[in-house]
Amino acid sequence: MGGVPLMDYLVVGTLLFGLGLWGALTRTNAIRILMCIELMLNAVNLNLVALNRYLDPGSVEGQIFGLFIIAIAAAEAAIGIGIVLMVVRRRGEVDINKIRLMRG
C-alpha cells in the first residue's frame, strides 16, 4: 500500500482534534465553539477512515462510521446554530459568559 503513511493521518487528526479542543475550551463566542466542535468531529472522522483503510482495507466500517459522524455533526450544527440565533435575538449576545439564560 503506497501513498501517505498511516502515522501522517493520525498526526494530522490528533493536531486537528487538539486545536478544536483548545478552541472549544478557550473561546467565549458560541459560534466559534460550534466550529471547534465540528473540527473535533472531522478529526475523528479522518482517524476512523484512515485506520479502517490501513487495518482492514476490504471493509467499509470506517467509512460508515464516518457517515454517521457527518450526520451527527450536521444535526449538532443545525441545533446549535438554532439555539445561538434564538439567544442572539433575545439577548443580543453570542458571548457565553454573558448569557445567563440556561443557568438555574
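This note goes through the predicted model point by point.

1. **Ground rules.** The model is predicted: local features need pLDDT of at least 70, side-chain atom pairs count only at pLDDT 80 or more, and totals for chains, interfaces and linings use all residues. Residues are numbered from 1 along each chain as its sequence is written, and side-chain values use heavy atoms, with hydrogens and water left out.

2. **Fold.** The protein chain has three helices and zero strands. Read from the N terminus, the order is α-α-α. Helices (H or I, at least four residues) and strands (E, at least two) are DSSP runs, numbered from the N terminus.

3. **Overall shape.** The radius of gyration of the protein chain is 17 Å, whereas a compact globule of 104 residues would come near 13 Å. That radius is taken over C-alpha atoms, and the globule rule is 2.2 Å times the number of residues to the power 0.38. Along the principal axes, the C-alpha atoms fill a box of roughly 55 × 25 × 20 Å.

4. **Burial and surface.** Of the 104 residues, 25% count as buried. Buried means under 20% relative accessible area, exposed over 50%, and partly exposed in between (1.4 Å probe, protein chains only). The chain exposes about 7,200 Å², and carbon and sulfur atoms supply 70% of that area. Areas come from the Shrake-Rupley method with a 1.4 Å probe.

5. **Contacts.** Take the contacts in the protein chain with a separation of 6 or more: residues 24 or more positions apart account for 61% of them. Contact means heavy atoms within 4.5 Å.

6. **A spot on helix 1.** Ala24 lies in helix 1. Leaving aside residues up to four places away in sequence, Ala24 touches Ile33, Cys36 and Met40. Ala24 and Met40 are 16 residues apart in sequence and 9.3 Å apart in space, C-alpha to C-alpha.

7. **The aromatic pair.** How many aromatic pairs does the structure hold? It holds one. Tyr9 and Tyr54 form this tilted pair, with 6.2 Å centre to centre and 50° between the planes. Rings of Phe, Tyr and Trp (its six-membered ring) pair if their centres lie within 6.5 Å; planes under 30 degrees apart count as stacked, over 60 as edge-to-face and the rest as tilted. The pair links distant parts of the chain: Tyr9 is in helix 1 (residues 6-26) and Tyr54 in helix 2 (residues 30-55), 45 residues apart. Tyr9 counts as partly exposed because its relative accessibility is 27%.

8. **Helix 3.** Phe68 lies in helix 3 (residues 61-91). Is Phe68 buried or exposed? Phe68 is exposed, because its relative accessible area is 51%. Phe68 and Arg89 are 21 residues apart in sequence and 32 Å apart in space, C-alpha to C-alpha.
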